[in-house]
Structures are given as structure tokens and as C-alpha cells.
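Visitor: I would like to learn how to read the chain contacts and the strands of a model like this one. Please show me the structure first.

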Amino acid sequence: MATIEVSGKTYETDEEGYLVNLGEWDMDVANYIATTESISMTEQHWEVINFLREYFEEYQIAPAVRVLTKAIGKKLGAEKGTSEYLYALYPYGPGKQACKIAGLPKPTGCV
Amino acid sequence: MADVVAPPYRVIPIIPALIPGSMEGLKPFVANDKINTAIGFPGELVEDWHDKAIAKMGELLSKYRSLKVYMDACVHCGACSDKCHYFIGTQDPKNMPVARQDLMRSVYRRYFTLPGKLFPKLVGARDLTKEVLDEWYSYFHQCSECRRCSVFCPYGIDTAEVTMAAREILDSIGYGQKYSNEIIGKVHRIGNNLGLPGPALRDTLEGLEEDVKDATGVDVRFPMDVKGAEVLLITPSADFFAEPHIDSLIGYAKVFHATGTSWTLSSMASEAGNFGMFIGNYDQLRQIALRIREVALELGVKRIVVGECGHAWRVAYSFWNTLTGVGDGADETDRFAQMLQKQLDHRYKQPMHICEFTWDAIERGALQFDKSKNDKHIITFHDSCNVARGSRMGDFAGGQFEIPRNIIKTVANNFYEMAPETTCEQTFCCGGGGGLLTDDLIDLRVKGALPRMEVLQQVVDEHGVNFMATICAICKAQFTKVLPIYGFDRRLVGGVHQLVSNAIILGDK
Amino acid sequence: MVSTLFAILFYLATLMLVVGLLYRINTYARTPAPLKIPTTPAPTTQTGVVLRMAREVVFFESLFKANLWIWSMGWLFHASLALELARHLRYFTEPVWGWVALIQPFGMYAGLTMLIGLLGLWVRRLFVERIRYISTPSDHLMLVLLIGIALSGLTMTFVTHADVVGVKNFFISWMGFSSASLPADIILYFHLFGVASLMAIFPISKLLHAPGVFFSPSRNQTDNPREKRHIAKWASDLEN
């Protein structure tokens with residue numbers, strides 16, 4: 001198992017850099033993972049991450065892209081409720097990249 | 001990921017020169033102990049892997065005529081040598097179908113044939129060493145089991161069968177692939193490849209009902225776990241989750257609505273995909289398929305319809321009757337199959353593809369369309385490999401090509417074909433099939449998409465094509481990722497029922 | 001002495017060919033095909049399958065789609081070989097069957113076209129990078145063997161004119177288990193040795209493609225999985 005170390009704390013990850021223990025997640029490690037993905041976290045990025053974590057809390061899975069866009073739109077205004085907005089924040093796909101930063105397991109399957 | 005670049009188009013699509021070893025050592029993540037043991041495989045490479053592997057190979061040779069004949073029959077004529085998209089994209093000679101088969105054939109000859117035991121060098125026979133085993137792992141995970149080579153082989157040798165056997169052997173000694181095996185674990189544990197639990201699915205479906213109501217003003221339902229529904233829809237879980245997949249799901253629901261069909265999804269069998277096929281494991285293939293049988297019996301449905309998913313349709317069309325009895329024509333004494341077949345309504349094909357369902361409704365005049373709603377799209381159609389070469393639709397050979405095209409032409413005005421040597425039975429795989437749709441193989445996926453991207457570019461240049469329709473969840477996900485790397489918009493790919501959804505007139509039923 | 005050796009050689013070669021092939025065919029026939037895997041579009045009826053197989057075996061339909069060079073050379077070789085084999089029946093039948101007599105004049109030239117086909121295939125194997133890459137020594141040797149057989153046969157037909165009456169007498173006699181001598185002719189020895197070798201290796205080499213094609217599930221299965229339940233014995237045992 002691979003690990004990453006941020007400010008003295010060790011986090012276990014899988015081969016692809018996703019956290020193994022979701023409980024270990026904190027903002028430090030999120031910021032760190034974001035830099036490995038060449039993303040610098042802004043307020044807008046955090047809005048998505050926070051929603052993902054809330055949704056996961058309830059349903060034990062990341063939301064569908066469509067659910068995510070709709071929720072972001074409702075919460076933050078219709079102009080942000082588009083997949084273009086999300087792709088602009090997370091170019092490798094909001095599903096996987098944002099999940100990784102949010103410390104959620106990777107969505108698998110034909111996605 | 002940023003360093004992945006698309007290979008250049010070939011100026012004239014000639015057969016590439018060889019670059020030996022160009023993909024050597026490429027190795028998708030190996031499944032870990034937890035993933036493997038959850039589905040009954042050894043956790044890691046076993047001590048006596050050599051003997052176990054040879055024994056497993058012997059077992060498979062006695063259980064599968066395909067493997068036995070294909071190991072013997074190849075004459076190294078080279079007919080297949082330039083037919084694989086991964087060979088074209090990578091130029092690695094071991095990605096030629098014949099060379100890929102020879103990775104196993106060389107071992108077969110050494111342990112199972114007289115000349116190979118006596119004169120290994122002469123007939124290209126090799127001992128199964130750890131290096132050979134690693135080579136298997138690498139190159140049998142550079143085959144998408146698309147069967148294009150088998151179209152051209154004078155003996156019909158299908159590399160997919162060899163790849164499946166190789167992966168089955170690898171799994172049996174604890175050397176399986178993470179992506180496929182993790183997903184198989186999820187389908188058993190949660191009901192779908194995605195790991196989408198029932199409540200999340202219900203929430204998603206309710207959201208879709210709202211969306212469609214907002215967009216059309218019509219109450220289109222997305223029912224789940226409804227006992228006594230006529231139709232059970234089995235669709236890839238990506239349809240609940242990913243873009244553009246979800247737009248086709250909306251399309252199916254609208255078709256059911258407009259035809260007044262009572263239908264349901266199942267939370268337990270919320271997955272059409274069956275990665276058991278990708279790893280060549282009959283037990284997994286069967287166990288995953290049996291969930292559909294159980295749900296069909298439990299809900300008492302009369303018909304089973306399958307959504308847009310390529311390999312799932314191959315499994316459903318070609319294998320379900322064998323594995324689960326979903327089909328017709330079981331022997332009177334076959335109690336297992338009869339139990340289900342007596343329940344199903346045999347005025348309809350069992351199982352039926354959603355395209356067959358929609359086309360049938362169109363032919364009956366049960367659906368109305370406003371074609372102009374698709375006028376912004378200039379459309380082409382990408383035949384998905386498993387549908388094209390491993391299944392059929394309708395009553396005649398080749399229906400799997402005509403029916404989706406007929407639907408597109410019914411719901412849209414602008415349709416253009418890509419080059420004929422890359423469509424229908426000669427279609428190229430999207431580059432992500434067969435259990436390779438994983439980020440750790442993105443380089444291979446991009447290269448494997450080359451032949452499709454080349455001919456797509458042609459119709460884009462000549463006709464302004466801006467929509468490539470397809471009926472496979474893997475194709476959709478793969479192209480969404482790969483298109484931008486070739487300089488296209490990721491939204492250029494979409495489903496056939498996405499187009500149906502755009503144009504269908506719902507009325508106010 | 002040489003005659004007896006050749007007689008023994010041919011008895012053995014025939015035995016290996018017949019027993020070996022029967023064994024192989026029996027193995028193929030008994031190995032189950034648990035799943036429906038025809039390469040589609042595939043015929044939906046049994047008659048359609050017979051026609052597909054006929055097109056495959058007679059015209060090499062799939063190969064035609066794949067590559068015109070391999071197809072033309074391969075087809076030329078196989079068709080010529082078939083004609084040659086038929087022509088050679090006259091050495092083993094008395095009286096000679098009418099149709100065998102009829103094809104004699106064509107058969108003479110089939111040797112030439114067979115050689116052209118073989119050389120065309122070998123050129124490809126030697127000079128096309130991909131094909132050279134996948135070739136094993138045995139692939140080359142097999143071609144050399146066939147070319148040797150063709151060349152020696154052609155030499156006897158057009159140059160040295162072997163004692164065909166003597167050859168026929170040799171085979172007819174030994175077929176009836178009575179001895180006869182083989183004309184002393186070094187080219188004939190070469191030719192016959194080549195043929196006997198080919199017969200002997202047939203059941204243990206890639207020449208198994210000949211029976212194999214008939215057992216290939218991707219070609220010989222009917223596309224009717226929804227209409228009829230297809231299940232192998234070992235698979236149906238899982239249901240109990």
C-alpha cells in the first residue's frame with residue numbers, strides 16, 4: 001500500500017492515490033492531492049468538494065454528474081449548475097478528480 | 001494524466017512499421033488480496049503458480065473447444081496481423097492478434113504438443129517462466145476482446161477467447177487485474193459495477209423524473225422494484241451516473257412512457273454489464289447473470305429489455321439463455337430454464353434490446369417524432385464491437401447494424417456513415433473495451449482509439465459531423481475521455497436514445 | 001532394399017496420418033463448446049452454416065476480406081494442391097476413375113501454379129516485416145518441404161520423366177500387401193520422402209488447420225441463442 005505524508009501525518013492510499021480510509025480525510029490532505037492533480041483549490045473548488053462529502057455521507061456513493069450539477073446550481077446559482085462549470089474546475093472529470101480530492105472512493109465501471 | 005498525447009493520424013492509413021517492445025511492461029494495477037479473495041480468487045500470486053497455471057490451461061483446453069481448436073489451427077498466415085486497433089495505435093508487434101495468441105500458443109506447444117516437447121525452438125515453444133507470465137499479464141490486458149481479428153481469420157480464430165482463457169488462468173493463480181476484479185466484487189456486493197446503493201439509485205431516478213417534468217411538462221416515470229411490471233429494464237449502471245449515458249436512460253423512459261408500457265428497473269439487478277466475460281470466468285459470468293433471473297422471477301415480469309451496453313448485449317443475447325434461461329426453446333425436461341421461460345411472453349424476443357423495442361414501436365406507428373429537434377446534430381454511428389460481432393438484433397443477420405441506424409434516421413435528419421472498412425462487422429473498438437477502461441491504461445486507450453479517430457476526422461471534415469451516436473456505455477465513457485485528447489469536443493459522443501429523447505413527442509398520456 | 005524401406009515408410013506415414021487425425025478430430029468433437037460464439041453477422045439456420053463453411057473452405061471468404069496477397073497466393077496453392085492430389089489418385093486406383101483421367105492435363109500444370117502460390121507465400125513470409133516477425137522456423141520449413149515436393153514432382157513431369165508405371169505398380173502392390181520394387185530414381189525418392197514426411201507431421205502441426213476449421217465455433221455455430229437454449233454438459237451440471 002502506498003502512503004502520502006502531509007505535515008507530519010501519514011495517509012494510506014491505493015495505487016491510484018485515492019485515500020483508503022475515508023475517515024482520515026482533512027483539508028490538508030485534500031490540498032495536497034489537489035496539487036498532485038495540478039489544481040489549486042479555490043472557494044469554488046471547495047463548494048464542490050463539500051457537496052460531494054455531504055452527499056456521500058447520506059448515500060455512500062458520489063453523486064451522478066447530473067445530480068451534482070443540479071445541486072450546485074440550486075445551491076450556488078443556475079450559472080454554476082452546468083457540467084462546463086464543473087469541468088472547468090476539474091478538467092479530468094468532476095466524477096473522478098473531485099472524488100479523489102474529497103477523499104471518496106473512485107467511481108468504477110463504465111464511467 | 002496531462003502527458004498523454006494522441007498519436008498522429010497516419011497520412012495514408014497504411015500498415016505501420018513495427019516498434020518492438022513499445023508497450024512492453026505496460027501493466028494495469030494488479031488486484032490486491034482483499035479484492036481477489038472477495039470473489040474467490042487466491043489473494044496473491046501463489047507459490048506453485050507454474051504447475052497451477054499449466055493445470056488450469058489443461059482444464060480449459062478440455063472445457064472449451066474454441067481454445068483447443070484455436071491453439072492448433074493457426075498457420076501464421078498474417079491475415080489478422082494488421083487488424084487490431086491496439087497494434088495500429090502502438091505498433092508493438094505483440095499487439096498483432098497472432099502474436100498475442102502466440103504468447104499462449106508457445107506455452108501450449110511446449111506442454112501439450114509432441115513437437116513442442118521435443119523441438120521447442122523449431123516450433124516456437126516456450127517454458128512458462130515468470131517473464132512469460134508477466135508478458136501474459138501485460139499483453140492480455142492490451143486486448144479489448146473486440147473480435148475484429150476473428151472476422152478476418154480464415155479459421156475464425158478469435159483472440160478474445162484466448163485473452164479470456166489467459167485472464168482466467170491468471171486469476172486462478174492470484175494474478176488478476178484490479179479494475180475488473182474490483183468491479184465484479186461490487187456487482188455481487190452492491191448490485192452494480194458502480195457501487196450505487198439502492199437509496200442513491202432511487203434518489204437519482206426521482207431527480208430524473210423532476211428533470212423530465214421540468215423540461216417537457218410530462219410526468220415520465222422511472223420506476224424501481226415494481227412487482228408485476230411488464231418489462232424489466234436491465235441497463236448499465238453508468239446510465240444512472242455518467243454523462244452522456246444518462247441522456248439515453250431518459251430516452252428509454254420516454255419510449256416506455258409513449259408506448260404505454262409498464263416497466264421497472266431493479267435495485268438488485270441494477271447492472272447490465274457483466275465483467276465475468278472480460279475475465280473469461282464462467283462461474284463469475286454465470287453468477288452475475290443469475291441476478292437477472294432471480295429478479296425476473298421475483299418481480300414476475302413478462303419481458304426483459306436491455307439498455308445501451310455493448311458487452312452486456314453480447315452476454316444477454318448470446319449467453320443469457322445458456323446461463324440463466326432468459327430466452328426460449330429450452331428442453332421440456334429442462335426444469336431450470338422452463339421455470340423462467342414459462343413466465344416470459346414469447347410473442348416478444350427474450351431478451352430484447354432497447355433498440356429492438358423502440359424500432360418495433362416505430363414500425364407499429366406507436367411513436368411520433370419531431371425530427372427537427374435533432375437538426376443541430378450532424379450524426380454518424382459508431383458500431384460497438386460486442387454488438388457488431390457478438391450479437392444480433394431483429395430477425396436477420398446484420399439487424400444489429402440496421403436497427404440502430406434506422407432509429408437514428410427516423411428521429412434525425414442529418415446522418416452520415418464513416419468509412420465502410422471501419423463500420424458494421426469491420427468496426428473498430430473504441431479502445432476501452434474488455435476491461436481496459438481504467439485510468440492506468442489511458443495511454444493504451446488513447447492509442448487504441450486512433451483508427452476510429454482517423455475516420456471520425458474524415459466525416460467531421462467532409463460533412464461537419466458533430467455527434468457520434470453509439471449504443472455502449474464503455475464506448476461513451478472512453479470517447480468522452482479520449483475525444484478531447486484528439487482535439488474534439490467531449491460531447492461529440494452520445495447515445496442513440498439520447499437522440500430519441502430529443503425528438504420524441506410525448507403527448508399528454 | 002530401398003523399395004522395402006519406402007514401403008515401410010509409407011505404411012508408417014499413413015498410420016500416423018490416419019490415427020493422428022482421427023485422434024485429433026475425436027478430441028475436437030468431444031470437447032464441448034459451452035457458449036454461443038459465432039462471429040456475427042452469422043447464419044441463423046443450419047443450412048446457412050453449411051453455406052458459410054463451404055464459402056470459407058472453398059473460397060477462403062474471410063481471408064479474401066483480410067488481404068488479397070495472402071488470399072490469392074494461398075488460394076492458388078490450395079486449389080492447385082487439391083487438383084494435384086486428385087490427379088495423383090491415378091497411382092492408387094486400377095482402373096483409373098473417369099474423372100481422374102479427365103483432369104490429368106490440368107493437373108500437370110497445377111504443379112506449376114502450386115509452386116507459384118508457395119513462392120508467393122514464402123516471399124511474403126520472408127520480406128514483409130510483420131509476417132517475418134510471427135514466423136517460426138517450422139513455418140519456413142513447412143514451405144520448404146512443400147516447395148521441395150512441388151519442384152521434384154515438376155522435374156519428374158517435365159524434365160526427367162519418371163517411370164510412372166513402375167511407381168503405380170509399387171503402390172498398388174503394397175496396398176495389397178504384396179511387395180514390388182520402386183523405380184530407382186533419386187528425384188522420385190526425394191519426392192516420396194517429402195510426401196511421407198508431410199503425412200507424418202500433419203496431425204501434430206499447424207496443418208491441423210484443415211480439420212480445425214470445421215470445428216471452429218466462431219464459424220460453425222448457428223446464430224440462434226435466443227430461440228434455442230444451448231448448454232454443455234459440464235455447464236448444466238452447475239444447475240443441479
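Guide: We will take the ground rules, then the interfaces, then the strands.

Guide: This is a predicted model, in which local features need pLDDT of at least 70 and side-chain atom pairs count only at pLDDT 80 or more, while totals for chains, interfaces and linings use all residues. Residues are numbered from 1 along each chain as its sequence is written, chains are lettered from A and ligands numbered from 1 in the order in which they are written, and side-chain values use heavy atoms, with hydrogens and water left out.

Visitor: Which chains share the most contacts?

Guide: Contact means heavy atoms within 4.5 Å. Two pairs of chains are in contact, and chains B and C share the most contacts. Chain A and chain C have no contact, and their closest C-alpha atoms lie 24 Å apart.

Visitor: How many residues of chain B and chain C are in contact, and what is the area buried between them?

Guide: Buried area is the accessible area (1.4 Å probe) that two parts lose on being put together, summed over both. Here 86 residues of chain B meet 62 residues of chain C. They bury about 5900 Å², with 57% of that from carbon and sulfur atoms. Arg65(B), His76(B) and Thr322(B) supply 12% of the area that chain B buries against chain C, more than any other three residues.

Visitor: Which polar links are counted between chain B and chain C?

Guide: A salt bridge is a side-chain nitrogen of Lys or Arg within 4 Å of a carboxyl oxygen of Asp or Glu. There are six salt bridges between chain B and chain C; one of them joins Arg392(B) and Asp223(C), at 2.7 Å from N to O. A polar contact is a pair of N or O atoms within 3.5 Å; within protein, one must be able to donate a hydrogen and the other to accept it, and residues adjacent in sequence count only if both atoms are side-chain atoms. Between chain B and chain C, 44 residue pairs are in polar contact, both residues at pLDDT 80 or more.

Visitor: How does the interface of chain A and chain B read?

Guide: In the same terms, about 2900 Å² is buried between chain A and chain B, and carbon and sulfur atoms give 54% of it. In chain A, Arg66(A), Tyr92(A) and Cys110(A) lose the most area to chain B, together 26% of what that side buries. The rule finds eleven salt bridges across this interface. Arg66(A) also forms a salt bridge with Asp211(B), at 2.8 Å from N to O.

Visitor: What is the order of the strands in the open sheet of chain B?

Guide: Helices (H or I, at least four residues) and strands (E, at least two) are DSSP runs, numbered from the N terminus. Two strands pair if DSSP finds at least two bridges between them. In chain B four strands form an open sheet in the order E2-E1-E3-E4, with parallel pairing. Strands E2 (263-264) and E4 (352-353) of chain B each have a single partner strand, so one side of each is left without a neighbour in the sheet. E3 (residues 303-306) of chain B pairs with E4(B) over two bridges, and Val306(B) stands opposite His353(B).

Visitor: Which way do strands E1 and E2 of chain A run?

Guide: E1 (residues 2-6) and E2 (residues 9-13) of chain A run antiparallel and are joined by five bridges. Thr3(A) has Glu12(A) as its bridge partner in E2(A). The two strands form a hairpin with two residues between them, and Ser7(A) in the turn has a positive phi of about 35°.
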